[in-house]
Amino acid sequence: MAKNRERRDLFPGALEMMILQSLRLRPMHGYGLVKHIQQISGDLLQIEEGSLYPALQRMLRAGWLESEVGSSAKGRPTRVYRLTKAGLRHLEQELSSFEQMFDGISRVLAVAKA
Amino acid sequence: MRWLRQLFSRTRRYDDLSVSIQEHIEQKTEELMDEGMSRNEASQAARRAFGNVALLEERSREVWQLHWLESLWADLRFSLHQLWKSPGYTLTAVLTLVIGIGANSAIFTVIDDAMLRSLPVQRPDQLVNVGFAAPNMEQHFIPVQFLPVIRELNHRLHGVSPIAGWAGSMMAVPDDQNTLRSIPGNLVTGNALSMLGVRPLLGRLLTPEDDIPGGPEGGWPVVLDYGFWLSNFHGDPAIVGHHLRISGQPTVIVGVLPSDFHGLFVGQTERVYLPLHFFSALAPTPEQDPLHHPENFNMLTVARLEPGTTLRSLNAQLAAMSPSLIKTLVPQRIKNLPEFRGAHMAAQSAARGFSEIANDYSKPLLLIQGIVLAVLLLCCVNIAGLQTARLESRQHEFAVRSALGAGRRRILQQCLVESLVLAFLGSIFAAGIAWASVKSISGFFTPAGSGDTMQLQPDTHILLFTAALALVTTLLFGLAPALLAGRVAPGLVLKSKGTNARTNLLRHRFFVPAQFSLALVLVFTAGLFTHTLVRLRNNHAGFNPDHVMEVCAQFQALKKSPQEIMELYRSITDYLRTVPGVESASYTWVTPVTGFAPKLDAQSIEHPQNVHSTAWNDVGDGYFSTVGTRLLAGREFTPQDRDRSVCIVNQSAARLLFPGAQPLDDSLKAAMKEDDDVKPFTATCRIVGIAEDARYSSLRDPAPPTVYFPASVSTVGSGSYSNNLVFFIRSQSAATSIGAYRAALARYAPTTGYMIFLPLSDQVDQSIGSERLIARLSGIFAAVALLLSGIGLYGVLALRVQQRRPEIGVRLAVGASRARILMLFLRDALWLVALGTVAGILLIAFTSTFTRRFLYDTSPMQVSVVAGALLTLAVVAIFAALLPARRAAALDPLQVLRDE
């Protein structure tokens, strides 16, 4: 279990937040999520499969996601992950606290610059 | 309960997960193909990018698991499967553990019951004895008190229940053939049982209303203990209300005590409980009633501290009252005793009751516990050896597992779980064996000639102890191999199919020598104790106990004069001699080897200044031929010898009192001083015979100088229990002797009983109970140790032969003789054993300090025993080594090299 945390990039909760935010747009399958985040971030963020699947299972377990049968880009039936109401609530909480934190950090950085 | 639901929906989740991952890889493959790769290339690239699928699945699954529980459960199932697959190994390991753990549990249970456990009554911690403490007393305390003092204390003490009193007397009850049997009965104050918080199994307990002079209306009530109820009434559930004649007095059974209650005395069984005032009914004359002189009457005391009172505050109260109470209420004759000097009243905890076993056997028991711990250690070493061998053969599996990402901790855990399963399997059977064997072990504790049976009770402690041992042994035998197993270098093992060098080293350099050193110690100590026992047994005892039945007369309650009593002994003996099958019969005052050894001062007429303390005995006519002691000169006593004017001396006494002279027909003077048991007397007697030396108080002590007098009116002169001499009846069958005595009683003393029919040889055995126990058990465990070490050595060599097959093949092919191969392996084995022997000898030097005190006529480094132990070990080692060595020598080189 310890290794999982090491592999989680960025800061704790960031991967979850990005997954939840991505799934807010539409249900996606695993590979779709990887590609989506990569594209949106302009290749700045690369998600490792090694952390993606454990993270998805954690979030399923917490009840933020549900897995269901959807269709792939090529129209083939595939497992997709969909955001639940609980997931949405959690995402909003996380976002607001993230924004506060980000705000705080920006101010500190701004003062330091001046 | 969500985790529970998740626990059950997991299989579906896991399938989902695998499908998702497959789809993930599939989609990536398709995209890569769109970019122009071939299907093969694309699929490989996608997999490479994804990484270790199995590991990832595992990590993802872990999210759902109560991880430790799940992995334990998996390990447990895997272990059971593994053990099931190799029944030989499992059986060997479990049996080994059963022996090791079972032996320890059994001995621990005996120690626990005899020495550690509290009485099985309510809140035993509150119980105290109120008695006297003085520096000169044995253990500085006696738990008895005089009746008037008890009455006074019950008025004046605060914070403590009324003091209960326990006393005892022999009582006669009819046996199944309606002959009276004398049994020890407990006479107790009315509150004695209820204050202990005992709940009767049937009926009721005694009450204070029962304990009144003359007994309550409706007859004397009697409460039976469980053992008495079982053996005399076959556990009849409707026994309450039945009448029972005890020593001629009608009594009524009012209750039966539960099976775990044994009174205050650990191990005692088959007792009846009657009110204290029953003493008056038992006494043949009012003068013989102890309650007639309450000022002299003392008994064992038990009281219960009330909540809030401590032993210390009770002792403070007692200390304050002590001087005046001792001054006014303790008889002068007691105050004059040297042990009573400086005595004051005091209380002590009575939580554990009284244990004779603890007094007499604590050291032998601790020694045996040490022996069985060594056995357990040996068992652990043995199983550790087996396990390493097994783990070696599973190296490939471990290598694969660690290559697939199993951590060392995971492998360690699995190995330990397997060990734990073995240990628990073993301990289940071990607890059963321990439970069953406690009874046979307690048989060794019967005091010589007491006629009592000691009965120890296993309880739930045995299960706790066994479970704890199982855990400890798991760590002992499982940890080292498990640590080694986790250390494989997967690459090396998988590539070369090589062996784990560390486990090999450990097995060869450590396990086998360790086993043999422990086995040597055990075999050697067993040899010492057996030597001791043989020496004690073969000690020429000076009498022949075989075919002699011993039975003690119970004439204490007969209202007869000493003349009449002596006439009774003569008539009964004459009658016994007429019974067909009885070879001879006689009677004696002191029975041999019971530890009882009264002494008198003797001197010859010629050398009156040389006064010697000698043992003595009063015996009937024909005693020496009955007991099998030869007369070297002169004659036996005849029925005409009726006083102490004649005597027989043994060789030692003859040498001591008449140095260099032939004492026959000479005279000696004897003076018996005041003693608790015997009336003082002086006698001048003519020596009519010289007997060979015979052991007297115990087999350990050489025969003391002894003077024998004819049993006479003076022997039984003081009445009561001194009326009781012991009959010896020699015949080829015990039944003949017993039948003859029953018939004699019916004819001459129908109101009296017998206590026990005890073969004299059994009494001799009982007198060396601890030596027999130690020798027997250490012998058994030494045999087990030899077997285990033999198996261990065999296992190591067999594996080594297996591993070196190719080498042997080559050697044979290039011309090595088969004898050479045989020697190669034998030499190997002997090296290991030699290493163990050296370690063993060092251990022996260390243990001899503990064994020394238990030896008799045996040196702690007895050369013959050392040689014997080494020889035994060598034979076992050679035998164990020969089998695999011969197999190696018999290998067909062609076959072996072809297999390569």
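# A tour of chains A and B

Start by selecting Asp641(B) and Arg635(B): their side chains form a salt bridge, with the closest N and O atoms 2.8 Å apart. A salt bridge here is a side-chain nitrogen of Lys or Arg within 4 Å of a carboxyl oxygen of Asp or Glu. Asp641(B) counts as buried at 11% relative accessibility, whereas Arg635(B), at 30%, counts as partly exposed. Buried means under 20% relative accessible area, exposed over 50%, and partly exposed in between (1.4 Å probe, protein chains only).

Before moving on, note that this is a predicted model, in which local features need pLDDT of at least 70, side-chain atom pairs count only at pLDDT 80 or more, and totals for chains, interfaces and linings use all residues. Residues are numbered from 1 along each chain as its sequence is written, chains are lettered from A and ligands numbered from 1 in the order in which they are written, and side-chain values use heavy atoms, with hydrogens and water left out.

**Colour by confidence**

Colour chain B by pLDDT, the predictor's confidence in each residue, from 0 to 100. The average for chain B is 86, and 94% of the residues score at least 70. Helices (H or I, at least four residues) and strands (E, at least two) are DSSP runs, numbered from the N terminus. For the model, ipTM is 0.77 and pTM is 0.72.

Next select Arg204(B) and Asp210(B), which meet in a salt bridge of 2.8 Å, N to O. Arg204(B) is partly exposed at 34% relative accessibility, and Asp210(B) is buried, with a relative accessible area of 5%.

Then go to Glu152(B) and Arg156(B), whose side chains meet in a salt bridge of 3.6 Å, N to O. Because they lie four residues apart in helix H7 of chain B, about one helical turn separates Glu152(B) and Arg156(B). Glu152(B) is partly exposed, with a relative accessible area of 28%; Arg156(B) is also partly exposed, at 33%.

**A loop residue**

Move on to His158(B), in the loop between helix H7 (147–156) and strand S4 (164–174) of chain B. Is His158(B) buried or exposed? His158(B) is exposed, with a relative accessible area of 57%. Leaving out residues up to four places away in sequence, His158(B) touches Thr309(B) and Gln317(B); contact means heavy atoms within 4.5 Å. For a sense of scale, select Asn650(B) as well: His158(B) and Asn650(B) are 492 residues apart in sequence and 60 Å apart in space, C-alpha to C-alpha.

**A covered strand**

Now select strand S7 (residues 220–224) of chain B, where five of the five residues are buried. In a regular strand the side chains alternate between the two faces of the sheet. In S7(B), Trp220(B), Val222(B) and Leu224(B) point one way, and Pro221(B) and Val223(B) the other way.

Which strands pair with S7(B)? Two strands pair if DSSP finds at least two bridges between them. Strand S9 (residues 249–256) of chain B runs parallel to S7(B), joined by five bridges, and Val223(B) stands opposite Gly255(B) there. Strand S10 (residues 272–275) of chain B runs antiparallel to S7(B), joined by two bridges; in S10(B), Val272(B) is the bridge partner of Leu224(B).

**Where the chains meet**

Show both chains. The contact takes 24 residues from chain B and 27 residues from chain A. The two chains bury about 2400 Å² between them, 47% of it on carbon and sulfur atoms. His24(B), Arg59(B) and Val63(B) supply 24% of the area that chain B buries against chain A, more than any other three residues. Buried area is the accessible area (1.4 Å probe) that two parts lose on being put together, summed over both.

Two salt bridges are found across the interface of chain B and chain A. To see a salt bridge between the chains, select Arg79(A) and Glu23(B), at 4.0 Å, N to O. On the side of chain B that touches chain A, the largest share, 14 residues, comes from H2(B).

**Chain A**

End on chain A, which has five helices and two strands, in the order α-α-α-α-β-β-α along the sequence. Of its 114 residues, 39% count as buried.
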